[in-house]
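This briefing concerns charged side chains and their pairing. Please keep the sequence and the model at hand while reading.

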Amino acid sequence: MSKALIVWGGWLGHQPEEVAGVFRRVLEQEGYEVEVSDTLEAFADAEKLKGLDLIIPCWTMGEISQELVKNVSAAVQSGVGLAGCHGGMCDSFRTNVDWQFMTGGQWVAHPGNDGVEYTVNIKNSSSTLLEDMEDFSVKTEQYYLHVDPAVEVLATTRFPVVPGPHSPNGAVDMPVVWTKRWGAGRVFYNALGHQADIVELPQVTEIMRRGFLWAAEGRRKAAAGRQGESVYTGMADSQL
């Protein structure tokens with residue numbers, strides 16, 4: 001049985017416990033064994049983390065020790081998936097650049113705050129993750145992020161919708177959904193998810209479900225790759 005760890009906490013305005021509950025339900029419906037924790041000490045056992053298929057942070061504006069970040073990073077590099085949404089993953093630890101490097105971005109603004117109406121545009125890319133989904137409208141925070149150019153963007157939103165000091169720069173397409181590789185691991189992020197009601201929108205729930213499964217599949221792929229490499233090396237050695 002596939003195993004997932006959900007860790008929630010930090011700023012309660014994002015309803016991390018409720019969002020964690022939604023994520024747990026989604027994963028259990030997919031047959032996962034899910035552990036939910038409300039402490040960052042859940043990241044303290046490095047070997048346990050490497051035995052998981054998926055890690056889901058739901059933690060906003062917190063502080064974390066470098067040792068715990070190192071443990072999560074090592075697990076993901078070994079093939080464990082990392083997936084999350086909104087500030088729960090890309091505004092988790094503003095002072096920790098290693099976390100930001102791993103996740104692929106950091107929140108910096110949401111012009112207009114909550115209740116902005118905008119469109120999420122599904123993008124054509126080499127990924128098939130969202131291939132049969134259509135553009136959809138939401139009314140929530142519109143995240144402006146500083147984004148790693150290495151990510152593969154699967155959905156975007158157009159800025160500016162709400163006027164502000166950023167408006168003179170002209171129109172930009174801001175990533176909403178992306179994937180990234182971290183070592184042998186897969187990283188998935190969705191900027192939607194201000195509170196549980198947004199996560200429970202059918203389109204958002206489906207995006208997260210697909211992202212979870214995609215990220216978690218990376219561990220099996222990584223293990224298969226290592227086995228293949230081992231077999232290949234053995235064959236090569238026998239021919240020397």
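A residue is called buried when its relative accessible area is under 20%, exposed when over 50%, and partly exposed in between (1.4 Å probe, protein chains only). The model is predicted: local features need pLDDT of at least 70, side-chain atom pairs count only at pLDDT 80 or more, and totals for chains, interfaces and linings use all residues. Residues are numbered from 1 along each chain as its sequence is written, and side-chain values use heavy atoms, with hydrogens and water left out.

**Salt bridges in outline**

- Side chains of opposite charge can pair when their charged atoms come close.
- A salt bridge is counted when a side-chain nitrogen of Lys or Arg lies within 4 Å of a carboxyl oxygen of Asp or Glu.
- Across the whole structure, the search finds twelve salt bridges.
- One network of salt bridges links Glu30, Asp132, Glu206, Arg209 and Arg210.

**Pairs within helix H7**

- Helices (H or I, at least four residues) and strands (E, at least two) are DSSP runs, numbered from the N terminus.
- Arg209 and Glu206 form a salt bridge in which the closest N and O atoms are 2.9 Å apart.
- These two residues are three residues apart in helix H7 (residues 202-238), so about one helical turn separates Arg209 from Glu206.
- Arg209 is partly exposed at 25% relative accessible area, and Glu206 is likewise partly exposed, at 22%.
- A salt bridge also joins the side chains of Glu217 and Arg220, with an N to O distance of 2.3 Å.
- Because Glu217 and Arg220 are three residues apart in helix H7, they too are separated by about one helical turn.
- Glu217 has a relative accessible area of 27% and is therefore partly exposed; Arg220, at 49%, also counts as partly exposed.

- Glu35 and Lys48 meet through their side chains in a salt bridge of 3.0 Å, N to O.
- This pair links distant parts of the chain, since Glu35 is in strand E2 (residues 33-37) and Lys48 is in helix H2 (residues 46-50), 13 residues apart.
- Glu35 is partly exposed at 32% relative accessibility, and Lys48 is partly exposed at 40%.

- Asp148 lies in the loop between strand E8 (144-147) and strand E9 (152-159).
- With a relative accessible area of 17%, Asp148 is buried.
- Contact means heavy atoms within 4.5 Å.
- Apart from neighbours within four places in sequence, Asp148 is in contact with Phe101, Gly104 and Lys180.
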